[in-house]
Amino acid sequence: MNHWKVRNPREDLSFEINFTKAHREAVAVYSHPAQIELALLKAQYPAILMPIEETDILAGRIQFGLVGLGIQGQTGGTGYYIDEPRVTEALEFATGNAQYRENLHDMLTYWKARNTYEQVLRNTPSDIRSIIPSEQWKTQPVAASPIIRMAGAFIDFDKLVSIGIPGLRKEIAAAKEACPDTGNDPVYFDCLDGALDVLVDCCHAYADFAIAEAGTTQNPQRKVEMQSLADACIAITSRAPSSLLEAIELCWIYGLMCPLIEFGRMDEYLGDWYAHDIDAQVITEEQALRMIQNLFVLIDSLDCETDGRVIVGGYGRRNPVNADRFCLAACEACRTVKEILPQFTLRFGKDMPPEIWDASMRCIGEGRTFPLLYNDEVLIPAVMHAFDVDRARAETYMPLGCGEIEFDHYSFGSPNGSLGTLKVLELAIHGGFDPVGKTYLSFKSPTLAECSSYEEFAAIYKNHLTYFIEAQAKYEKYLYEAIGKRHPFMMVSMLYDGCLATGKGIFDGGCQYLAGSIELYGNVDSANSLAAIKRLVFEERTMSAQEMITALDNNFVGFEQQRKAMMDVPKYGNDDAFVDDILLDLHNFLCETVRKQAPKVGLKSYLCVNINNAQNTTLGRWVGATPDGRKSGMPMANANNPASGTDTNGLTCMLNSIVKLPHDNMAGMVQNLRFTRETWNNKDGKAQLLVRDYFERGGAQLMVTVVGKRDLELAMAHPEEHTDLIVRIGGLSARFVNLKKDVQQEIYDRTSY
C-alpha cells in the first residue's frame, strides 16, 4: 500500500516539509475549514503530480506524500495525515543535511497531535471508547473495532463531463449569489471556486509533462500523441470535454484531486464519448482500447488494493447502447491489463447482450478474477427494501471497496467499524471474558456452562452482539460529525447531490443520504459453532458445556475426540437445514439489529455488510479455539462462504446454502468461488451453466477465481516464478506471492471445483 507505482519517485520529503509549513501558516491566518483546506490543496497540487511515463498515453501519475490531505488510508489517510512510521524511518536512515533532519523532527512533533486521525481518536466519547477501546485490530484481541476513514465517495462524473469546469464555476457563482436568500456561507463558495483554480493548475502541469515528453521522444507517433494529450489537458480548463480523450483526462485529474479511489459507472459517463469518437472516425476502436487500457493501468498505479472500483452494465443507464459498446471494450481492457486493479465490476440483468457475458466469462477463465458479477434482478429489489428507496434510486447502486452498497453521487455509507461475531461468541461462551487476552471485553453474563438451554445461551450471545452494535452505530455518527466540522472535502462535495444547495461539505450536512455500515466477520464460523453447541450439549447431551469449554481453552490438546465430535456436526455449505437455519437466524438478527440503529443515532440508514478481505485471517489470529472444531488463531470463513474444506457435498449443495440468505436487509454480501481451469473452461460448459443457474435462483453476487491448486502449490514453493498469479481474497484481488503466508495457506485450503 501507498507505494504509488511511479518509475522515479521523489527522492526526499521536501514536499512533506513544505506541506507542513503551509498548514502551520494557514491555521495561523484562517479559522474557516474551507480556507484552510484550499491553502493545503494549493500546497499539495500540483506538487505531487508526476511525469508521464514512456508507456503511458494518458497523463495522471501521482505520488501521494507521507504527509498530506487525503480522504482514506489508500490516499495517505483521512483528512490531514502523517505516515509516522515511514517519516521516522526517513529520519533514522535517509541522508540529508542538518537542516533537513531538523525539519523532519519538526514535522513529526508538529503532526503528532494535529493529524486528523489522532484528533478524532482522542476525542471519541468515553461511552463509545469504553466498549470499542482500540482500533488496533491487527495486533490486539478485540471484538469490535472503530475504523477512521471516509470510504467510498462516488462523485457525479457524468455531470462533470457534461458541463466541465466552466459549468461548475457557473453553478458555484449562482449559489454564492443566492447566499443572502439561502443563508448559506459565501466563503465556502469562494473556496470551491478557488479549488477549481487548483484543478486548472493541475491540468496545465500535466500538459507541461506531455509537452516535455513530446520533446524528448524520437517516435513520430508518440510525438503526435503527446501533443494531442497536452492540447486536451489545456482545452478542458476552459470548456467542457469534446472528445473521449478530454473526458477521460478531466475525470481522472479531478479524481486525483479529490482524491478518489472509486471511479463509478464508467460506461455511463464515457460511453457516449466512446461511441461518438469512433463513429465520427476521430479515433479507431484500437486507439480507444489503448486509452481504456492505460486508464486501468493508472488506476492500478494508485495501489489501493481493496478499492479502485470501475462499474459497468446494469439497469438505469442513460444510453444503454453506447454504454454496452464501451462495456465490451472495458472487458477487453480488463482481460489484457493483468494487474490487481481496477476492481472491474459487471452489473447485469436479463437484457444484457450475450456478447458481454461471453467476454466476461472469457476474462474470468483466463485467471483475471474479474469482472465481479452483480445480479441486478436480485439486487435492485433488495436495495430498494434495505435502503428504503424507489427503483430509480436503487438502479444507481454502486458496490464500493469490498462490496458495500452506495448510490451514485447521492449517498455515503462508509464502513467505519468491524464486528468479529466469532470473537463475540467466544466472549459469550466465557461470560464476557476473553480467554486470549485474559480480560473482560464485554459485560459479565452467565457462561455457556451456566445455561440450561440452547435458547438461553443464544439469547445471551445476541445480547453481547447488540452491545457492540449499538456502540459502533454511535461511533459512526460521531465520526461523521468529527470529520465534517474539520474537512469540507470540497472537490468531492461540489459533485455530490445536496452540497451546493446547502452550502455545506459532504459530512457537515451536505450529503442528502448520509448512511453508515458495519463490517461483519465470522458469521459462518459462529453458525457452525452454534450448531455444535446445540447438537452436542443440548440435544444429544453427549458433551457437557464444561467439557466443551475445557477442550476449547486447551486448544483441543488432549481433547482430540471431543474436537472430532464438534467437527462431525453438520457445517454450513452442504445444503443441510439444521446448520443453514442457524446461520439464517443469526444473519437476520444481525441485519435487523444493525438496521434499527439508524434512527437512534440520526443516520438515513445503518446496515451491515458481510464482506471479507484478509481480515478473516488477521482477526482470526486473536480468536481461540471454537466449537466448530477450528483451532486457536486459525482463519475464519471468508465472507459468506463455507469454512475452508467443510463444503463436502459439492458445488450445487454449496450454492443451495448460499441462496438461502436474504440480501434485502443489509448493504452488501460477497461470495467467492474457485474453479480449476479445467473445470471452468471445459467444453461442456457445466461450471458456467451452474453459475447462471445460481443467479437465476436468486444468487446476488459472485467473485470467481480460476486457478489450479497445483498452481498455488508451485507459487508457494517458487514465488519468483509466479509473480503474475492473481487470486481473489475476499473483497479484493492480489498477487498470490505478495500475500502473507497464513493468507496464502487459507486461500490454498479453500475448496476448488
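## Basis of the description

The model is predicted, and local features need pLDDT of at least 70, side-chain atom pairs count only at pLDDT 80 or more, while totals for chains, interfaces and linings use all residues. Residues are numbered from 1 along each chain as its sequence is written, and side-chain values use heavy atoms, with hydrogens and water left out.

## A four-stranded sheet

Four strands form an open sheet with mixed pairing, in the order S5-S13-S17-S18; helices (H or I, at least four residues) and strands (E, at least two) are DSSP runs numbered from the N terminus, and two strands pair if DSSP finds at least two bridges between them. Strand S5 (144-146) and strand S18 (606-609) stand at the edges with a single partner strand each, so one side of each is left without a neighbour in the sheet. Direction ignored, neighbouring strands are turned by 25° against each other on average, where axes are lines fitted to C-alpha atoms (for helices over the stretch in contact) and angles run from 0 to 180 degrees between N-to-C directions.

Strand S13 (residues 415-420) and strand S17 (residues 516-521) run parallel and are joined by four bridges, and Pro415 has Ser517 of S17 as its bridge partner. Helix H18 (residues 421-429) packs on the sheet, touching S13 and S17, with its direction at about 45° to that of S13; contact here means heavy atoms within 4.5 Å. Helix H26 (residues 577-595) also packs on the sheet, where it touches S17 and S18, and its direction makes about 150° with that of S18.

## Two crossing helices

The axes of helix H12 (residues 266-279) and helix H14 (residues 320-336) come within 7 Å and cross at roughly 90°. That makes H12 roughly perpendicular to H14, a term for angles of 65 to 115 degrees, whereas angles under 35 count as roughly parallel, over 145 as roughly antiparallel and the rest as oblique.

Residues making the contact include Leu270, Tyr274 and Ile278 of H12 and Phe326 and Cys327 of H14. By class, the contact has nine nonpolar, two polar and four charged residues; Ala, Val, Leu, Ile, Met, Phe, Trp, Tyr, Cys and Pro count as nonpolar, Asp, Glu, Lys and Arg as charged, and the others, Gly among them, as polar.

## A pocket and a cavity

The second largest pocket has a volume of about 510 Å³ and is lined by 23 residues, of which Arg630, Met634, Pro635, Ala643 and Ser644 lie nearest its centre. On a 1 Å grid over the protein atoms alone, a pocket is an open set of points with protein on both sides within 12 Å along at least five of seven lines, a cavity is a set where a 1.4 Å probe fits but cannot get out, and lining residues have an atom within 4 Å of a point. Grid points are joined across faces, edges and corners, and a volume is the space filled by probe spheres set on the points. Helix H33 gives the most to this pocket's lining, with four residues, and the lining divides into six nonpolar, seven polar and ten charged residues.

The second largest cavity holds about 90 Å³ of space, and its lining comprises nine nonpolar, four polar and no charged residues.

## Backbone features

The peptide bond from Tyr45 to Pro46 is cis, with omega near 0°, and so is the bond from Leu341 to Pro342.
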